[in-house]
Amino acid sequence: MKNTCTDELPLTMNSSERQETVCIFGTGDFGRSLGFKMLQCGYSVVFGSRNPRMSNMLPSGAEVLSYSEAAQKSDIIIVTIHREHYDFLTELTLVLNGKILVDVSNNLKINQYPESNAEYLAQLVPGTYVVKAFNTISAWALQSGALDASRQVFVCGNDSKAKQRVMDIVRTLGLTPLDQGSLTAASEIENYPLQLFPMWRFPFYLSAVLCIFFFFYCVIREVIFPYICEKKDATFRMAISIPNRIFPIAALILLALVYLPGVIAAILQLYRGTKYRRFPDWLDHWMLCRKQLGLVALGFAFLHVLYTLVIPIRYFVRWKLKNITITEMINNKGSPFITSSAWLSDSYVALGILGFFLFVLLGITSLPSVSNMVNWREFRFVQSKLGYLTLILCTAHTLVYGGKKFLSPSVLRWGLPSAYVLALIIPCTVLVIKFILIMPCIDKTLTRIRQGWERNSKMSSVLNGKTDI
Amino acid sequence: MKNTCTDELPLTMNSSERQETVCIFGTGDFGRSLGFKMLQCGYSVVFGSRNPRMSNMLPSGAEVLSYSEAAQKSDIIIVTIHREHYDFLTELTLVLNGKILVDVSNNLKINQYPESNAEYLAQLVPGTYVVKAFNTISAWALQSGALDASRQVFVCGNDSKAKQRVMDIVRTLGLTPLDQGSLTAASEIENYPLQLFPMWRFPFYLSAVLCIFFFFYCVIREVIFPYICEKKDATFRMAISIPNRIFPIAALILLALVYLPGVIAAILQLYRGTKYRRFPDWLDHWMLCRKQLGLVALGFAFLHVLYTLVIPIRYFVRWKLKNITITEMINNKGSPFITSSAWLSDSYVALGILGFFLFVLLGITSLPSVSNMVNWREFRFVQSKLGYLTLILCTAHTLVYGGKKFLSPSVLRWGLPSAYVLALIIPCTVLVIKFILIMPCIDKTLTRIRQGWERNSKMSSVLNGKTDI
Amino acid sequence: MKNTCTDELPLTMNSSERQETVCIFGTGDFGRSLGFKMLQCGYSVVFGSRNPRMSNMLPSGAEVLSYSEAAQKSDIIIVTIHREHYDFLTELTLVLNGKILVDVSNNLKINQYPESNAEYLAQLVPGTYVVKAFNTISAWALQSGALDASRQVFVCGNDSKAKQRVMDIVRTLGLTPLDQGSLTAASEIENYPLQLFPMWRFPFYLSAVLCIFFFFYCVIREVIFPYICEKKDATFRMAISIPNRIFPIAALILLALVYLPGVIAAILQLYRGTKYRRFPDWLDHWMLCRKQLGLVALGFAFLHVLYTLVIPIRYFVRWKLKNITITEMINNKGSPFITSSAWLSDSYVALGILGFFLFVLLGITSLPSVSNMVNWREFRFVQSKLGYLTLILCTAHTLVYGGKKFLSPSVLRWGLPSAYVLALIIPCTVLVIKFILIMPCIDKTLTRIRQGWERNSKMSSVLNGKTDI
């Protein structure tokens, strides 16, 4: 049972005990769905329509009247009408005076109008209490009760009492009202349903760029080079071998970029000797989308794992193994077992697995419902301590992978080093700086700064650092 | 700290500041647990019992009186007594007049009685405000504070004020009250704790049928056939090889069935020329359990991945590889490397991995806490766009798997094609129809219909499509 | 859009409609962040400071006055000052009389002071309503709106109305207030932010001990033994082979320990013939951290799966395969295919996969947001029925792994059996006892006991078992 009214009481027509009447202007799809649901939850509903006689398909149990008649029946009026047609409300100013108007409208594109629909409505019909609500809920969701998507209803308005009454209705419908403050919030609320993963854009584009760059880099080294120099057709590598180079590289770099801003911030604070100066905007934004960066990185890591585990199934690999065996056989010499190689290959794999494991842990703890159960200290512990451990393991994994042939000229092709070498630059930088930052002397200063101490002002240190929280 | 009172304040006995007194009828297990918790949260509790002297084990700090005495102490009375024994309350009608009776009872089977216990109670004791609540919480959870299961307390009642007071108590106990409307909701609420995954039943049975059918289908082709025709014992295939055919097939079919209803609905709307006619019930129900269908499919896909990745570890596979090598060796001819086969095997694997990756993404976004963070547009984007991409990738994965030997007579056994061929029917149908539906001309009509336009009625299109939301 | 005010309205300065004024004592980091946020949510904010002139960096739109002046402006005063400096408030007793003081302070270590800061404050300034709140929220989170960590604000206080007003503010700031009862809860609330996974400690240490023990056990058997007796250097096994013995063992034992307490509890109840006697504390605690035990076990299982799947990629394994083939080649005899071995290896793998699959299911259902959607019966079904099935599968997986060579002397080294043999002790015990417990006769008694029946007292059985819930 989803905790909505609809799912539960398909038949609960108003049992006339709860007297509250709500008026809905407009008999469109959303208006009807909302009315339907309100009836189910025990409200009595009056529809206001331009030509009541011609309104069809209204939920049974609802009354349909002209706008002005309907308005008189209730002191809460939900306006389910497109902004372009608000004008007719001006004629009703008298009837509407002192009533609560709920604006549910959405626009077609972000910031379509200079002011939000709700504010426009408020200007249009002075003397009413305009409340913005319900614009995040879809008609279909209301009807079917399949509120898989958000149950959250953002509410804002200038009159607390009016807002409170609307929030009560929202709650009764089994939805979650979220007070967003005064009506100036309306424009934000109206833009919200039009957003498409705004926080994910930067990580997404960034990873796209990384992938494309490294794809061509690898194609040059592993397809074009052998084709030209050895006349070998290695195109089939583009299906798995090359992606399986790109993904771990992207994962590692993105993971490092999660921790880079924190390091930069620390340096800035050390340099300025105070934490009371705002960071540049790009840094702020970067810090706010760290979570998304990390999750994208996790995605790449996941793909890398899968691509690696299928290696032995691949035709190419099986064929190669077979031929090696056969050739060795023919030359009649079995290769001896080299412990160091065993160590290298095993520890490289082990590091990778442990890194991935911690990475998954980080991902799980970033689930809203999980991070809601932990306190601030625990959250910091996981995201910072475990996070750095993950970064260290993954970097080590890559370093060991390089092993002996790390920068040996033999692997250079047209002077290009293997791709993973480039991937190591950022992570190593981050780790080195971090290592310097946690050295006692520096760490002490930083901690004091973060506790409010300021290098240049004794006074404020007295004020903030000492007595106040 | 789970956000319940118990966990936090094992010792907070009522510090006599909050005066509110609550009366509990019945000293059974649940009554005592509830009383215990209320005391912890600072209420003063009075138990009403048939023979107060003989009631043992009551939480310290609570008073025990006869029913009528206890009732006089508070205007909220929680009735923790089995429905069969409600009759004695009739004698108390006078004392109870105007008080709030909270019905916490549950039944042993769904719709055990003609009317809900709460409604029965209301008839029995007129002049009281009956509120249904707490029936979803277990005594053990209250005592131990281990509210791992739902914290949700469904509340319904005909009197808003009474309901509000009960909901305040629920909130104070660290639980989440959910207003379910008038008392007619009680029967639903009483049935809720007796449900066992109602939405999952259809997907579960469906997949069971699929598995059984394809199991026998594969056994015939891969165990019985070779046994009869080649006298080979291939029974061991039943442990891994055959399941690893069944699971991907089930996953693919179920995934396709997630998108089939949407396609059917679109066709219906196009045919009817309106969206304002209800779909047949089977379609509605199907649409509402799409999420469950998809998650079951994901489960099968997950199993398929694991079963595939262990292939190289299997004794059979290793033995086969070894023998191939040896035989080739003996015949003294290493097999040449065929690029096309490499391409085929690699791209087949790659498609599978990408499909599975997107599938996992879909699964994660269907977690309640995640889908709660996204707006309707984002949810649609993921579930529809990414969903279809997943379906395309998985279908392609299967098609490439077939590769050259797709329907070649060589693979027919007793005229039966390989199982995966059957698995492709539904997905391909869905994809083809969808492809037709998104062709500009058709898509345009569909969009207009979904915006409220109706083919046969100019009028309503004016009413709904244009002015109203 | 995270449902906080900040994220949404970076610019919503108070639009002077909502008149409520809040006073904040102290201009420290947290005070300013809180003030900033409140302004955004439409409150008017007055800061109280020791020397108002010298307070810098206050959010624009806020007033700064002396403590006493500021206090007069509002009847809610948020004290963002360290406990050590509360004394100055005594001078303000007159001004503060009858006002609400909100204590947001935290300590540096758990139970630092005999009484909680809030209670101390209440004693210090009699005649005020002290409410504890906001101590779980970090200044940075308030500023940036990046409330990834908990949104939960624990509120407690002795005066309901005062508490209610504070909870309204909390709600308006987009946070989730949780009423924790009277002020005695304050010490708990102040300790909360200092906790670091208290419930996880026992599982963590336990698994650490297990890992260390089995690590040395395996090192002795698989590294030292061959080194001494066969002069073979098997150290490289420590990277993967040995961890891949430890992890499954730890997983199996921990999983068994999840179900052991339940079994013990059942035995206790049968022995005592009643459920109305408390379990020993160690058992209670054990029962409450079962979830954590299970999740740690899942972690180990996950690692085991990864370590197993990479086997074919390892240098050692490839080298071995190759050599086996070559030697067989030389001796000119291909090994015959043994169906029984195929059965053994396949079914062993299959059991493991199915066990892991169910284990993952259990893990997912233990996610807060998921377990919140299921009712008590469903939760029990998953955690108990599926849980036991998982345990059975995993135990069988280990037993089959042993296969023929289970306890054959050949595998004994220095009389030590293989590690997995030890791992089987607890799981098998649990399963055997459980099997006995679910036998009709015993099960019947147990059920009756759990329904409230008591062996020794007819009376209470009448009281509890029969009439009351």
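Guide: Welcome! Between chain A and chain C the count is 2 salt bridges, where a salt bridge is a side-chain nitrogen of Lys or Arg within 4 Å of a carboxyl oxygen of Asp or Glu. Please keep in mind that this is a predicted model, in which local features need pLDDT of at least 70 and side-chain atom pairs count only at pLDDT 80 or more, while totals for chains, interfaces and linings use all residues. Side-chain values use heavy atoms, without hydrogens and water, residues are numbered from 1 along each chain as its sequence is written, and chains are lettered from A and ligands numbered from 1 in the order in which they are written.

Visitor: Which side chains meet in a salt bridge at 2.8 Å, N to O?

Guide: Those of Arg314(C) and Asp346(A). The contact around these chains (heavy atoms within 4.5 Å) takes 73 residues from chain A and 80 residues from chain C. About 6,900 Å² is buried between chain A and chain C, with carbon and sulfur atoms giving 66%; buried area is the accessible area (1.4 Å probe) that two parts lose on being put together, summed over both.

Visitor: How many salt bridges does the structure hold over all chains?

Guide: There are 33. One of them joins the side chains of Asp75(A) and Arg165(A) at 2.9 Å, N to O. Asp75(A) sits in the loop between helix 3 (67-73) and strand 4 (76-79) of chain A, and Arg165(A) in helix 7 (residues 160-172) of chain A, so this pair ties together parts that are 90 residues apart in sequence. Helices (H or I, at least four residues) and strands (E, at least two) are DSSP runs, numbered from the N terminus.

Visitor: How do I read a cavity, and what volume does the largest cavity have?

Guide: Rolling a probe the size of a water molecule over the atoms shows where empty space is left. Here, on a 1 Å grid over the protein atoms alone, a cavity is a set of points where a 1.4 Å probe fits but cannot get out, and lining residues have an atom within 4 Å of a point. The largest cavity has a volume of about 330 Å³. Its lining has 16 residues, and among those nearest the centre of the largest cavity are Leu321(A), Leu321(B) and Leu321(C). Helix 13 of chain B gives the largest share of that lining, 5 residues.

Key:
On a 1 Å grid over the protein atoms alone, a cavity is a set of points where a 1.4 Å probe fits but cannot get out, and a pocket is an open set with protein on both sides within 12 Å along at least five of seven lines; lining residues have an atom within 4 Å of a point. Grid points are joined across faces, edges and corners, and a volume is the space filled by probe spheres set on the points.
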